[in-house]
Amino acid sequence: MQKVYIKDLSQYVDQTVSLKGWLYNKRSSGKVKFVILRDGTGLLQCVVFKGNVTPEAFEAADKLGQESSLEITGKIKIESRAPGGYEMDVTDLKLIAESVDYPITPKEHGVEFLMDKRHLWLRSQRQVAILKIRHRIVKAIRDFFDERDFTLMDAPIITPSACEGTSTLFATDYFDLGKAYLTQSGQLYAEAGAMALGKVYSFGPTFRAEKSKTRRHLTEFWMVEPEVAFNDLNDDMDLAEEFLEYIVQSVLKDRAEELRILERDTTKLEAVKRPFPRISYDEAVEILHKNGIDFEYGNDLGGTDETVVSNQFDRPVMVHRYPSEVKAFYMKRDPENPKLALAVDVLAPEGYGEIIGGSQREDNLDLLLERIEQHQLPQEAFEWYLDLRRFGSVPHSGFGLGIERTVAWICGLEHVRETIPFARMIYRNTP
RNA sequence: UCCGCGAUAGCUCAAUGGCAGAGCAUUCGGCUGUUAACCGAAGGGUUGCAGGUUCGAGCCCUGCUCGCGGAGCCA
């Protein structure tokens with residue numbers, strides 16, 4: 001038998017259908033009961049009149065606890081008084097399984113309680129909307145790269161060494177080979193891929209054992225990292241802005257209803273069109289000083305600094321050419337000023353902070369060796385990476401986009417903990 | 001790791017150092033168009049843990065635990 005879902009009900013007006021789902025909420029007024037059904041694709045108000053169903057079914061409608069699973073049958077009609085515009089005149093109602101004392105009520109709850117009940121919180125309309133937008137963002141990412149002939153080449157999760165130092169990694173014992181670490185970036189492997197395939201991207205979970213405790217940090221988060229042979233920093237920025245525009249416009253086009261549920265101000269997203277402003281680190285520092293921020297030249301931008309800079313613009317801003325000392329060892333120096341790295345951070349609007357970090361990579365073997373020594377990294381661990389410079393090295397660039405920060409920005413959320421089904425944070429690894 | 005704030009009913013929160021309270025949820029009753037429905041009633045408490053001050057502590061003091069917001073670091 002063909003299954004009917006709430007999102008498709010416009011095709012079933014004046015027809016009798018059966019729907020399966022869960023009780024989202026109910027209201028009753030004597031001989032008429034309003035049962036709000038949830039099926040994962042939407043909400044439907046189902047009206048149970050006492051005379052239209054068996055006494056058993058009417059009694060069942062009365063007893064149902066929130067989130068009881070049920071099969072409900074009736075005629076679909078257009079009804080302006082109902083949320084969503086459609087309504088069912090119920091003729092039959094069967095309980096599949098009861099739900100007693102469901103903990104999440106239609107009233108307010110605190111963060112800790114909801115995070116403890118995350119497995120149930122996911123059922124709420126708001127969380128469903130966020131997860132659907134997250135999925136659309138992931139699809140946009142894959143479509144974007146696939147349409148441009150990138151090859152997906154994922155990096156290992158278990159790695160023998162740190163990408164940028166070992167202090168912030170989760171360590172584990174790896175049989176007789178000593179310590180292994182959960183990856184904090186797939187980038188170095190993506191560089192190997194770019195030398196093989198030209199244009200690649202890796203997409204997967206990454207891990208940071210930093211004791212960060214802010215609205216922008218998770219210990220486990222997803223990152224997409226394109227890497228392109230023969231791209232310089234400007235090409236990298238071109239790719240980043242085309243990429244972000246594509247993602248945002250895809251969500252605007254296909255997830256308008258979900259953005260409405262989240263009460264997102266979509267005019268802010270509509271402004272995300274190329275070209276994005278590109279400013280140098282020096283110009284960013286000027287902006288900070290002009291705004292009365294006591295910022296010392298040479299430091300990396302902090303969270304509040306990023307907000308001040310991004311608030312000057314109505315779309316993402318690309319800040320490039322940072323002091324090389326605050327950036328990673330693999331970033332290429334600016335030939336015009338060796339104190340600067342050919343790096344770029346893309347700051348999202350509205351204070352959402354850094355969503356992309358990228359750079360042109362150092363392609364010269366000797367300079368890279370020097371950098372590894374300066375950063376006191378074990379050279380033997382990077383021998384394979386150095387081989388990429390020994391055997392036909394070419395200029396190349398790439399960047400990493402943090403999925404959760406991107407979802408938080410597009411959805412207009414306070415905290416990244418709502419952007420991933422089950423968040424891993426410094427003080428939480430359950431459920 | 002550091003700075004700040006907090007912990008009272010299942011949930012969200014009140015309570016001048018002097019009887020432990022409300023709304024929601026639950027149970028019972030009422031209502032034929034409700035929109036986080038509404039109206040009436042009932043049940044529901046080791047006030048995070050351990051000490052201390054006091055005639056008397058949810059409230060004041062000390063320590064601990066847990067959580068929240070932020071910094072640093074980062075995507």
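1. Buried area is the accessible area, taken with a 1.4 Å probe, that two parts lose on being put together, summed over both. In this predicted model, the area buried between domain 1 and domain 2 is about 430 Å², and carbon and sulfur atoms give 43% of that area.

2. Chain A is divided into domain 1 (6–97) and domain 2 (118–418), with bounds that come from an automatic or database domain assignment. The centres of the two domains, taken over C-alpha atoms, are separated by 46 Å, and seven residues of domain 1 are in contact (heavy atoms within 4.5 Å) with five residues of domain 2.

3. Between the domains there is one salt bridge, a term for a side-chain nitrogen of Lys or Arg within 4 Å of a carboxyl oxygen of Asp or Glu. E67 forms a salt bridge with R123, and their closest N and O atoms are 3.0 Å apart.

4. RNA strand B is surrounded by 48 residues, the closest being N25, E87, P106, R215 and R405, where a residue counts as near if one of its heavy atoms lies within 4 Å of the strand. Of the atoms of RNA strand B that come within 4 Å of the protein, sugar and phosphate account for 49%.

5. Individual approaches to RNA strand B include a polar side-chain atom of K211, 2.9 Å from a phosphate oxygen, and a backbone N or O atom of R81, 2.7 Å from a base nitrogen.

6. Residues are numbered from 1 along each chain as its sequence is written, and chains are lettered from A and ligands numbered from 1 in the order in which they are written. Local features need pLDDT of at least 70 and side-chain atom pairs count only at pLDDT 80 or more, while totals for chains, interfaces and linings use all residues, and side-chain values use heavy atoms, with hydrogens and water left out.

Conventions:
A polar contact is a pair of N or O atoms within 3.5 Å; within protein, one must be able to donate a hydrogen and the other to accept it, and residues adjacent in sequence count only if both atoms are side-chain atoms.
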